[in-house]
Amino acid sequence: MTMARDYDLEKRSSPYATRIAGAHLVPLWTFFKDWFSAEPRPKAIAHLWRYAELKPLLLEAAATVSTADAERRVLVLENPGLAGGNLATDALYAGLQLIMPGEFARAHRHTAAALRFIVEGENTYTAVEGERCYMRPGDFIVTPAWAWHEHRNDSAAPAIWLDVLDVALMRLLGTGFSEHYPEPEFPTQVPPGDSRMRYGRNLLPVGYRRGTGASPIFSYPFDYAFESLDHLRRHGDWDACHGIKLEYIDPTAGGPAIPTLSTFLQLLPKGFATLPYRATAGSVVNVVRGQGRVTIGNDPNAVTFDYAAKDVWVVPSWQFMRIVSDDETVLFSASDEAVHKKLGLWREQRGVIST
Ligand SMILES: [Fe+2]
């Protein structure tokens, strides 16, 4: 106890504090309450990036750096609460990537798993392990950990998509590896749509063995997913917190399409007001279509944003979210829920705003 009293909590300047700092030691009692808080205290804050502001800045990047020089031309969505951290939430990286007409982004691979959610573009593909996945707005593309991938825009218009990666987790764990393919382009192995034909039809080739734990399907087209949402709208039950919400899964295992990232497509009809909902996972949300208002945070610190098509917002861990849709709204979201559930850490709270 004498030592604790001798340690100057404010200035850390007592003789004892100086001696332990010199020995590369830190007293736990100075941050114990912060680390072992009663509930999560994310550093990320609620934030919304307006596409009307993002897109011109992203297009400006095309005049600043080529895809060949940049390798990947991305403006990272950096959370204002995580300045210098290059992250959208405490655990998720997110960015908007641009490929101009005729550009090619060379083949590489990394241990961080990635997803693409297409915002604009046509006749543009991501090739994953030699399968070209042509991307249209609203399509969801899986790039599993350590899978070769490259991008090409064969259209006359810019292609823009949202990238979300588990790279913060890889860095935390010290498992970050990456490499270039020796040639710019990984050889085409199979025709486009091959993985969906093999694994996405409620059939499985005999002898199939799971690989990395990610879905063997690389492309989840928007039209298929929305068809299900549209069907459920007419025949299913509306969830008071989520509207109609579907998770993208690995059909060979039933779990999330990417082992570390949960992904969802969600429909809210015009005039729908969701009940408050919060979960331990941090989320990145992309507005596919619609407009309205989203309120994020725990009172009295909740903030409300107007949202429009193609905007992106983030919900930090354990922050309530409520949405009021002024128009029919379709949302894509990616979160670290998959990791929380695998580790037995997942918690959620529905419909209660008092904290
Ligand atoms: Fe990559």
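1. Let's begin with the aromatic cluster: ring pairs link Phe117, Phe140, Tyr220, Tyr248 and Phe332. Rings of Phe, Tyr and Trp (its six-membered ring) pair if their centres lie within 6.5 Å; planes under 30 degrees apart count as stacked, over 60 as edge-to-face and the rest as tilted. The structure holds 16 aromatic pairs.

2. A word on the model before going on. This is a predicted model, in which local features need pLDDT of at least 70 and side-chain atom pairs count only at pLDDT 80 or more, while totals for chains, interfaces and linings use all residues. Residues are numbered from 1 along each chain as its sequence is written, and side-chain values use heavy atoms, with hydrogens and water left out.

3. How are the rings of Phe117 and Phe332 arranged? Their centres are 4.0 Å apart and their planes are at 10°, so this pair is stacked. It links distant parts of the chain, with Phe117 in strand E5 (residues 114-120) and Phe332 in strand E21 (residues 329-335), 215 residues apart. Helices (H or I, at least four residues) and strands (E, at least two) are DSSP runs, numbered from the N terminus. Phe117 and Phe332 are both buried; here buried means under 20% relative accessible area, exposed over 50%, and partly exposed in between (1.4 Å probe, protein chains only).

4. Phe332 also pairs with Phe140: the ring centres are 5.7 Å apart and the planes lie at 40°, so this pair is tilted. Phe140 belongs to strand E8 (residues 140-143) and Phe332 to strand E21, and the pair links distant parts of the chain, 192 residues apart. Phe140 counts as buried because its relative accessibility is 0%. Phe332 has a relative accessible area of 0% too, so Phe332 is buried.

5. The charged end of Lys245 sits over the ring of Phe264, 4.5 Å from its centre, and the charged end of Arg289 sits over the ring of Phe226, 4.7 Å from its centre. The test asks for NZ of Lys or CZ of Arg within 6 Å of the ring centre and within 35 degrees of the ring normal.

6. Next, the metal site. Which residues are the protein donors of the iron ion? They are His108 (NE2), His110 (NE2) and His149 (NE2), lying 2.1 to 2.2 Å from the ion. Donors are N, O and S atoms within 2.8 Å of the metal (3.2 Å for Na, K and Ca); water is not among the atoms, so sites may look incomplete. Along the sequence, the donor residues are spaced H-x1-H-x38-H. His108 is buried, with a relative accessible area of 9%, and His110 is buried at 16%.

7. A search of the whole structure finds 17 salt bridges, each a side-chain nitrogen of Lys or Arg within 4 Å of a carboxyl oxygen of Asp or Glu. In one of them, the side chains of Glu103 and Arg73 meet at 2.8 Å, N to O. This pair links distant parts of the chain, 30 residues apart: Glu103 is in the loop between strand E3 (93-99) and strand E4 (104-110), and Arg73 is in the loop between helix H5 (67-70) and strand E2 (74-76). Glu103 is buried, with a relative accessible area of 16%, and Arg73 counts as buried at 2%.

8. Glu185 forms a salt bridge with Arg152, and the closest N and O atoms are 3.3 Å apart. Glu185 lies in the loop between strand E11 (178-180) and helix H7 (194-199), whereas Arg152 is in strand E9 (residues 149-153), so the pair ties together parts that are 33 residues apart in sequence. Is Glu185 buried or partly exposed? Its relative accessibility is 27%, so Glu185 counts as partly exposed.

9. Within helix H8 (residues 222-235), Arg234 and Asp230 lie four residues apart, about one turn of the helix. Their side chains meet in a salt bridge (3.5 Å, N to O). Arg234 counts as exposed at 53% relative accessibility, while Asp230 is partly exposed at 22%. A network of salt bridges links Asp230, Arg233, Arg234 and Glu328.

10. Finally, an open sheet of six strands has the order E2-E3-E10-E5-E8-E12, with antiparallel pairing. Its edge strands are E2 and strand E12 (219-220), each pairing on one side only. Strands pair if DSSP finds at least two bridges between them. E2 and E3 run antiparallel and are joined by three bridges; the bridge partner of Leu75 in E3 is Leu96.
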